[in-house]
Amino acid sequence: QVQLVESGGGLVQTGGSLRLSCVASGGTFSRYDMGWFRQAPGKEREFVARIRWNGSNIYYAASVKGRFTISRNNAKNTVYLQMNSLNAEDTADYYCCAGSRFATELARTYDYWGQGTQVTVSS
């Protein structure tokens, strides 16, 4: 059983930056593909970014490509989401997730989820 704990959310002004972190425990982190999803108030959860177990094959949602960067440090059991040029549409709860086999942009391909961290972008 893998436990995931996100941190780094908060309130930021339009155009600002935040770095989210997600620390994993209870499993072999380096075996898992990792992803980030988000859910805005009144909306469905949506894919943001994912990264393979070895740091390869990174993929982003079109809405964040060029502004967000996903990375991981397997020695620290941590995956990151660097978010730049934030705007109001990025306001959401952000969730980290882990998938054991070829995780994609579909939520059902992930086995474990964190509790989320809130990001609010103000104008």
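## Cysteines in the middle

Let's start with Cys 97, which is buried at a relative accessible area of 0%. This is a predicted model, and in it the sulfur of Cys 97 sits 6.3 Å from the closest cysteine sulfur, the one in Cys 96, so that gap is too far for a bond.

Cys 96 has its sulfur taken up elsewhere: a disulfide joins it to Cys 22, with an S to S distance of 2.1 Å. The count for disulfides comes to 1. Cys 22 belongs to strand S3 and Cys 96 to strand S9, so the link ties together parts of the chain that are 74 residues apart in sequence. The angle about the S-S bond is -70°, which makes the link left-handed. As for burial, Cys 22 comes out at a relative accessible area of 0%, and Cys 96 is likewise listed as buried, at 0%.

## Strands on either side of S3

S3 covers residues 18-25 and runs antiparallel to strand S1 (residues 3-7), with 5 bridges between them. To place that pairing on the model, look at Leu 4: its bridge partner in S3 is Ala 24.

S3 also pairs with strand S8 (residues 78-83), again antiparallel, and here 6 bridges do the joining. A handy landmark for this pairing is Ser 21, whose bridge partner in S8 is Tyr 80. If you're tracing side chains along these strands, remember that in a regular strand they alternate between the two faces of the sheet.

## The nonpolar core

Where do the nonpolar residues gather? The largest nonpolar core has 36 residues, and those with the most contacts inside it are Leu 4, Met 34, Trp 36, Val 79, Leu 81, Met 83 and Tyr 94. Strands S3, S4, S5, S7, S8, S9 and S11 (117-122) each supply at least two residues of this core. S9 gives the most, with 5 residues.

Once its neighbours within four places in sequence are set aside, its contacts include Cys 22, Val 23 and Ala 24. Met 34 is also on its contact list, as are Cys 96, Cys 97 and Ala 98. Further along the chain, Leu 4 touches Tyr 112, Trp 113, Gly 114 and Gln 115.

## Salt bridges

Side chains of opposite charge can pair when their charged atoms come close. How many salt bridges does a search of the whole structure find? There are 4. One of them is between Arg 52 and Asp 33, at 2.8 Å from N to O. This pair links distant parts of the chain, 19 residues apart: Arg 52 is in the loop between strand S5 (46-51) and strand S6 (59-60), while Asp 33 is in strand S4 (residues 33-39). Are these two buried or exposed? Both Arg 52 and Asp 33 are buried.

Another salt bridge brings Glu 46 and Arg 38 together, with the closest N and O atoms 2.6 Å apart.

## A closer look at Arg 67

Arg 67 pairs with Asp 90 in a salt bridge, the closest N and O atoms being 2.7 Å apart. The pair spans 23 residues, from Arg 67 in the loop between S6 and strand S7 (68-73) to Asp 90 in the loop between S8 and strand S9 (92-99). Arg 67 counts as buried because its relative accessibility, 16%, falls under the 20% cut-off. Asp 90 is buried as well, at a relative accessible area of 1%.

What else does the side chain of Arg 67 reach? It comes to the backbone oxygen of Ser 85 at 3.0 Å. Beyond its neighbours within four places in sequence, Arg 67 is in contact with Gln 82, Met 83, Asn 84, Ser 85, Leu 86, Asn 87 and Asp 90. One of those contacts, Met 83, is also among the residues with the most contacts inside the nonpolar core.

Terms used:
Residues are numbered from 1 along each chain as its sequence is written. This is a predicted model: local features need pLDDT of at least 70, side-chain atom pairs count only at pLDDT 80 or more; totals for chains, interfaces and linings use all residues. Side-chain values use heavy atoms; hydrogens and water are left out. Two strands pair if DSSP finds at least two bridges between them. Helices (H or I, at least four residues) and strands (E, at least two) are DSSP runs, numbered from the N terminus. A salt bridge is a side-chain nitrogen of Lys or Arg within 4 Å of a carboxyl oxygen of Asp or Glu. Buried means under 20% relative accessible area, exposed over 50%, partly exposed in between (1.4 Å probe, protein chains only). A nonpolar core is a set of buried Ala, Val, Leu, Ile, Met, Phe, Trp, Tyr and Cys residues joined through side-chain atoms within 4.5 Å. Contact means heavy atoms within 4.5 Å. A disulfide is a pair of cysteine sulfur atoms within 2.5 Å. A polar contact is a pair of N or O atoms within 3.5 Å; within protein, one must be able to donate a hydrogen and the other to accept it, and residues adjacent in sequence count only if both atoms are side-chain atoms.
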